[in-house]
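The sequence and structure are shown first.

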Amino acid sequence: MISTDVVQAGLDIPECSLVLRYDFVPDSIGTVQARVRARTVGCAYYLITTKDSQNYMKELDNRQCEQDLKEVLETWKGISSDLFKEQVMKKQTSLITEWNESLTKTLITETTMLKNIELIGDVLCRACGYLLGKLSQVRQHGQSYFISDHDFYNRIEEKVSSEPQEYLKTLVTGKALCGSKNCRTELGCIQVLKDYQKISPIYPLKCESIKIKLIEKETGKEQIILKKKWKKMPFTIPLLEIPCTQNNDDIFYDAFDILPSD
Ligand SMILES: [Zn+2]
């Protein structure tokens with residue numbers, strides 16, 4: 001019988017006494033599965049491949065892996081089931097602790113972003129009342145106050161300048177106008193943060209161009225706040241937390257690196 005590796009997984013042929021694999025080695029499970037297709041007394045299993053080739057090395061690894069597994073099983077046989085349980089529990093606890101720690105680190109970043117979520121209300125264009133975004137999404141970064149919502153650019157009209165103004169840490173590339181066609185009041189500027197290209201551009205809003213509709217959490221009462229400076233707002237605006245972005249390039253590189261060359 002000549003077949004692809006489809007036979008190796010689960011097809012039982014009791015009469016089979018010889019398995020020849022022709023230059024194909026997937027993983028250690030595959031190797032074991034293929035070998036045990038041959039189960040009669042005096043059966044044999046061979047791999048035909050070039051010496052020292054990728055498949056040759058893989059097969060050696062797979063066979064070693066199987067050997068290691070057999071040894072582990074032998075060791076386990078000598079351990080009482082109580083001790084075995086204890087060791088499994090110990091390993092499990094340490095894995096859970098590890099996992100919890102890494103999860104907490106991730107959550108710290110996210111919760112600092114959300115801690116001011118109790119600020120309920122809207123940011124509106126002061127001239128026309130057009131809705132610009134949620135108050136809970138307003139963030140401060142240096143002297144800039146802006147709505148940290150990816151969709152914010154849909155609520156404004158960008159007027160890109162032909163001559164960007166360069167500052168120490170920022171690049172101002174234009175103006176942000178009210179998104180309402182009949183208004184087009186200048187709300188602020190378009191700013192690229194040189195240190196944080198990934199979250200750029202941001203659109204810092206001039207406090208005198210916007211108004212805040214604050215909604216009291218308990219009573220649901222609305223309050224309109226008009227200020228000339230963001231610092232004069234009767235609430236604290238959270239600072240922008242730059243998410244800790246992990247560089248995954250290495251991982252992808254490694255994964256790519258071990259792909260079979262064919
Ligand atoms: Zn407007």
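Among contacts in the protein chain (heavy atoms within 4.5 Å) between residues at least 6 apart in sequence, 48% join residues at least 24 apart. The model is predicted: local features need pLDDT of at least 70 and side-chain atom pairs count only at pLDDT 80 or more, whereas totals for chains, interfaces and linings use all residues. Residues are numbered from 1 along each chain as its sequence is written, and side-chain values use heavy atoms, with hydrogens and water left out.

The protein chain contains 4 helices and 11 strands. These elements are DSSP runs numbered from the N terminus, with helices being H or I of at least four residues and strands being E of at least two. Of the 262 residues in the protein chain, 27% are buried. Here buried means under 20% relative accessible area, exposed means over 50%, and partly exposed lies in between (1.4 Å probe, protein chains only). The protein chain exposes about 18,800 Å², of which carbon and sulfur atoms supply 56%; accessible areas come from the Shrake-Rupley method with a 1.4 Å probe, and for residues only the protein chains shown count as cover.

**A nonpolar patch**

On the surface, Leu69, Val72, Leu73, Trp76, Phe84 and Val88 form a nonpolar patch with about 520 Å² of accessible area together. The elements that give two or more residues to this patch are α2 (54–77) and α3 (81–114). Helix α2 provides the largest share, 4 residues. A patch is made of residues with over 30% relative accessible area and no salt bridge; like charges are joined within 9 Å, and nonpolar side chains (Val, Leu, Ile, Met, Phe, Trp, Tyr) within 5 Å. Leu69 lies in helix α2 and counts as exposed because its relative accessibility is 53%.

**Salt bridges**

Side chains of opposite charge can pair when their charged atoms come close. A salt bridge is a side-chain nitrogen of Lys or Arg within 4 Å of a carboxyl oxygen of Asp or Glu, and the structure holds 11 of them.

| Pair | N to O distance |
|---|---|
| Glu66 and Arg35 | 2.1 Å |
| Lys77 and Glu74 | 3.1 Å |
| Asp122 and Lys134 | 3.2 Å |

Glu66 is buried, at 15% relative accessibility, while Arg35 is partly exposed at 28%. Arg35, Glu66 and Lys70 are linked in a network of salt bridges.

Lys77 and Glu74 both lie in helix α2, 3 residues apart, about one turn of the helix. Lys77 is exposed, with a relative accessible area of 64%, and Glu74 is partly exposed at 49%.

The salt bridge of Asp122 and Lys134 links distant parts of the chain, with Asp122 in strand β3 (residues 121–125) and Lys134 in strand β4 (residues 131–134), 12 residues apart. Asp122 counts as buried at 13% relative accessibility, and Lys134 as partly exposed at 46%.

**A buried arginine**

Arg21 is placed in strand β1 (residues 18–22). Arg21 is buried yet has no salt bridge; Glu59, the nearest side chain of opposite charge, is 4.4 Å away. In this count, Lys and Arg are positive and Asp and Glu negative, while His and the chain ends are not counted. Leaving aside neighbours within four places in sequence, Arg21 is in contact with residues including Gln8, Tyr45, Tyr46 and Glu59.
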